[in-house]
Structure formats: structure tokens, C-alpha cells
Amino acid sequence: MVMPALVELHERGLLPERWRLVGCATDRWDDEAFRARLEDSLLSSEQGLPEDWTEVARRVRYAGGGFTEDDPGALPEVLARTHRELNDEGDGEPLVVHFLAVPPAAYPAITRGLGRHGLTAGARVVYEKPYGTSLADFEALDALVKEVLTEEQVFRIDHFLGKQAVQAIYALRFANRLFGSQWDARAVEQVQIDVPEDLDVAQRAGFYDATGAALDMLVTHLFHVASQVAMDPPWNVDDPDAIVAARDAVMTAFRPLDPATDVVLGQFEGYTDIAGVAAGSTQDTFVAARLWIDTDRWRGVPFVLRTGKRMARKAQRITLVMRPPEGPLADAVAEPNTVEIDFSGSGAVAVGVTVNTPGPAPALAYAHTELDLADVPGGEPISAYASLLHDVLAGDRSLFTTSHCLRSSFTAFAPLQGPGRPAPLSYAPGSWGPGEAERLAAPHGWVLERRRG
Ligand SMILES: NC(=O)C1=CN([C@@H]2O[C@H](COP(=O)(O)OP(=O)(O)OC[C@H]3O[C@@H](n4cnc5c(N)ncnc54)[C@H](OP(=O)(O)O)[C@@H]3O)[C@@H](O)[C@H]2O)C=CC1
Ligand SMILES: O=C1O[C@H](COP(=O)(O)O)[C@@H](O)[C@H](O)[C@H]1O
């Protein structure tokens, strides 16, 4: 994720003139071996190898031997050398960004190590999600991070907040009375945030079996997308503090999940046969949850969230299911109106409406239409990671999460990690997950699944 984003920024001229990438992992490769690995992974990525790969590769360094408090491996020495190199190339103190794209269990040792080995001065540190693995673990990590770093140095990333169409919600709501005036419990019956994935977990079985769908995706990405949909209007969309405050406020109103009635977990058949997955693992690879948000705007409206691996297809969609009409045609309407945001890629906005069928015998029909944001003239879509990495370099924190917000999301999530956690139900690979999840989206069902089969 990080390397393609860096290459994207480089190709668009959005990186500082003098930049370097220092990779750090346990393997004791040299720079050339690391470059070869990056080259392979870029070649097999959607983006491909940049035209000026030689120029990019020239800027890549590698520090092996891992990095912990007790043993920092080669990182301090390679960073010091790189620093000198950059100073020789021009004026101005280089900015160091430590990007922790590692499992959450590694954060405490790395954080302590950054402090102990003198690598924090003037640096920014990006923590991947999940930032903590439970409420207690989050609190411990948060206290440790605050001992070592100032809040201005910390960037807790959740790349779904950087997706273009997740950000496009502001324009939809706040620049269009048509949508903005309907964005509440009076008009909306249900909100669906549906992120099925057809992807397997075999490439990252160790991480995945220690994490599971609910921790990997629900308390992180899906809760954050829910907060973007549900937030009250910030006092100024151009003020990062206003956005952060609006997101924090709505997350405080997330009601703790009730696992007995509002959560269905699943595990795809064959999961425990994957190398790296513990024998008899009860880890979830699917989660569907009904979240209640106790604000005046949303009280009584279920937010139904769903994601899972090896499902029927990949999609990322927010659907506002609107309440039925009142008046003379109320009984003739077969399908609810929908306002939809496809937040994969550069995104799309769609509506489902009831229209008249043209012809001699007028009848009502349901029609669905979609506006691809990539077709908006002048658009130059940027990937979520590139956009967020650019924000880190610029020091813009509006799309990064705060401790307050993560405390609220782990508090709402906590019941699912207690004794009430339901056992995962089995589902067939290539399906939409356990049938039991259907009831959470009642009465209309999961819109994405119904429409696309
Ligand atoms: N994969 C994805 O699609 C996405 C992942 N993320 C997040 O990124 C992070 C990493 O995920 P992913 O890359 O899939 O996970 P991996 O299991 O593939 O781990 C990535 C790297 O972490 C290093 N690592 C593992 N354990 C430790 C440790 N104890 N100390 C130091 N380094 C360690 C490994 O280095 P080595 O091989 O040297 O041990 C490995 O190269 C997670 O927090 C995940 O939530 C976020 C968005 C998308
Ligand atoms: O963080 C993660 O996100 C990916 C999905 O992200 P996308 O933007 O590439 O669609 C998910 O597959 C992975 O399990 C999770 O760790």
C-alpha cells in the first residue's frame, strides 16, 4: 500500500524534491535485494512499474534486522546516512515519516524503540489500523504513544477516510439541498454500509487469523465510514479541526453493539485448511452488525454494516434506504428510493427512484442510475493512500483519527469481544455470507446483494 502510494505521488510531482524511502523489516537484505522485491510487487500491482523506475529505485534504501527497543537493527545507522545524503543535496532539514505498516502487536515495541534510539525529534509517525486490538489494549498503546510522541507527531491512518467518494459525501450533503435536506431519521429508514470482498486471506494468514474481520474492518473502516455519513455538519468543511470534532462527536454517540441481537459472524468453509491458520480457529472472516447512533439526527435508524472475505464479489457501497412516500401513490410503490455512494476507486453516486413507464398504460417502475465521479470534467482521481500520505507530509490531520474517536469506537465494539461474542456461522466461499445476516437488513434486505444477484 505504501510503496504504490509513494510512486503515485512521485509521478504526480507531489513529493518534495529530495525524498528517500527507507524500508525496514527483519530480513537481512541489501538495498538491491529490497529494490528487486519492490520492483516485483509494483509489476504485479494494478499501477505497474513507473516509467522512471530507475530514478525511483535510486532513492530506495533498506535497513534490515528488524526494529525493537532492545535491538534497533540497521535503521538508526541507515537513517543517519540518508539524512546526511539529503543535507548534501540541498538546504532545509528533511522531514522524517515513520510509517508503521505492521500488525498492531508490533506497535508498542517499535514506539518505545523510536524513543529510545532518538528517532522521534521532528518526526511524524503513521500508525496503521487497527490502533490497538481492544479497548484496554488501545488505552495502553495510547498512553505509551503519548509518553513518546506529541499528538502533532501522530497520524493514525484509516485509509477508508482517504477514499475519494468517502470525502465526496461532504459535497453531496452540504452542496445539494436535494440530498442534504433528507439526511436524517425523518427521511431515511436505514443506512447500509456494505463491503463484501472476494479476496482470500492466504497471503496474510498469520495477521488475519490473529485479527479477524470484525477487528480488521468493522471497528476500523466501517465505523469510520459510518461516522462520515452520520456526522452533523462541521462548522467549516475547510477547517480540519471542525471535521475532526464532528467525527469525534458522532462516534461518542455509537451505542455499544448488542451481540445477541445485532451481530452475525461468519467463517468461510475451508478457512482452517489455510497454512498459517490455527487448527480449529474460530476467527471470523465475515461480520454483519446493526449499529445504533443515538443522536437527534439518527435516533432509531439502523446502520447495517457488512464485510467479509471470499464473498460473492468485491464492492464498497453506502446506501441510504429512504422511507416510503406518503400520499396518493404510496401503495403503488414497490421499491424504496435509495441514495448510494460507491466508494471504491474514484467513486460514484447513484440514486434509485420510482418513475413512470412511458407508454399507453401508465405504470410505476423502479429505475437506478449512476454518476461515475471519474467522468466529472477536470477530475484527476488520487488513491486513498497517496492522498493520506500527502496529508501526512503537509501536516493536514483532518482525515486522521484521534484518541477520542478510537476510544469511542472500541467502546461500542467491546461487547463483541466479551463472552457474548456469537460463534461464527459457516458460509460457502463465493456466497454472500451466512443467511442469518439477512435479518439484520430487514425489511428490504441487503440492497447490493438483491440488485446484483
Ligand atoms: N493488507 C492490506 O490490505 C491492508 C493492511 N493494513 C494494515 O497494515 C498492517 C500490516 O498489514 P499486512 O501488510 O497485511 O500484514 P503482514 O502480516 O503482511 O505484515 C507486514 C509486515 O509487518 C512486519 N511485522 C510483523 N510482525 C512484526 C513485529 N512483531 N515487529 C516488526 N515488524 C513486524 C513483517 O515484517 P517481517 O516479514 O520482516 O517480519 C511484515 O513485512 C496491519 O495493521 C493492517 O491492518 C491496512 C490497509 C490495508
Ligand atoms: O485495511 C484493510 O483494507 C483492505 C481493503 O482495502 P481496499 O481499499 O484495498 O479495498 C482489506 O482487504 C484488508 O483486509 C484490510 O486489512
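Student: How do α1 and α12 lie, roughly parallel or roughly perpendicular to each other?
Tutor: This is a predicted model, in which local features need pLDDT of at least 70, side-chain atom pairs need 80 or more, and totals for chains, interfaces and linings use all residues. Residues count from 1 along each chain as its sequence is written, while chains are lettered from A and ligands numbered from 1 in the order written. Helix α1 (residues 2-11) and helix α12 (residues 384-394) pack with axes 8 Å apart, at an angle of about 70 degrees (axes are lines fitted to C-alpha atoms over the stretch in contact, with angles of 0 to 180 degrees between N-to-C directions; helices are DSSP runs of H or I with at least four residues, strands of E with at least two, numbered from the N terminus). Since 65 to 115 degrees counts as perpendicular, under 35 as parallel, over 145 as antiparallel and the rest as oblique, α1 and α12 are therefore roughly perpendicular.

Student: Which residues of α12 meet α1?
Tutor: Contact here means C-beta atoms, placed from the backbone, within 7 Å. On the α1 side we find V2, A5, L6, E8 and L9. Their partners in α12 are Y385, A386, L389 and H390.

Student: How many nonpolar residues has the contact of α1 with α12?
Tutor: Ala, Val, Leu, Ile, Met, Phe, Trp, Tyr, Cys and Pro count as nonpolar, Asp, Glu, Lys and Arg as charged, and the others, Gly among them, as polar. This contact has one polar and one charged residue, and the number of nonpolar ones is seven.

Student: How are α6 and α13 oriented, roughly parallel or roughly antiparallel?
Tutor: The axes of helix α6 (residues 135-148) and helix α13 (residues 403-413) come within 9 Å. L135, F138 and D142 of α6 meet S403, L406, R407, F410 and T411 of α13. The crossing is at roughly 165 degrees, so the pair is roughly antiparallel.

Student: Now for another partner of α13: what is the orientation of α10 and α13?
Tutor: Helix α10 (residues 240-252) and α13 have axes that come within 8 Å. They cross at roughly 20 degrees, so these helices are roughly parallel.

Student: Which residues of α13 make the contact with α10?
Tutor: From α10 come R247, D248, M251 and T252. By class, the whole contact has two nonpolar, four polar and two charged residues. The α13 side consists of H404, C405, S408 and S409.

Student: How far apart do the C-alpha centres of domain 1 and domain 2 lie?
Tutor: The protein chain is divided into domain 1 (2-159) and domain 2 (160-381 + 423-452), with bounds from an automatic or database domain assignment. The centres lie apart by 32 Å.

Student: Which residues are the closest around ligand 1?
Tutor: A residue is near a ligand if its C-beta atom lies within 6 Å. The shell draws at least three residues from each of domain 1 and domain 2, and has nine nonpolar, four polar and four charged residues. Of the 17 residues around ligand 1, the closest are A25, T26, V102, A106 and F207.

Student: And which residues are around ligand 2?
Tutor: By class, this shell has one nonpolar, one polar and two charged residues. They are H159, E197, L199 and D216.

Student: Where is P130?
Tutor: The peptide bond from K129 to P130 is cis, with omega near -5 degrees. P130 has its place in the loop between β4 (124-127) and α6.

Note on methods:
Contact = placed C-beta atoms within 7 Å.
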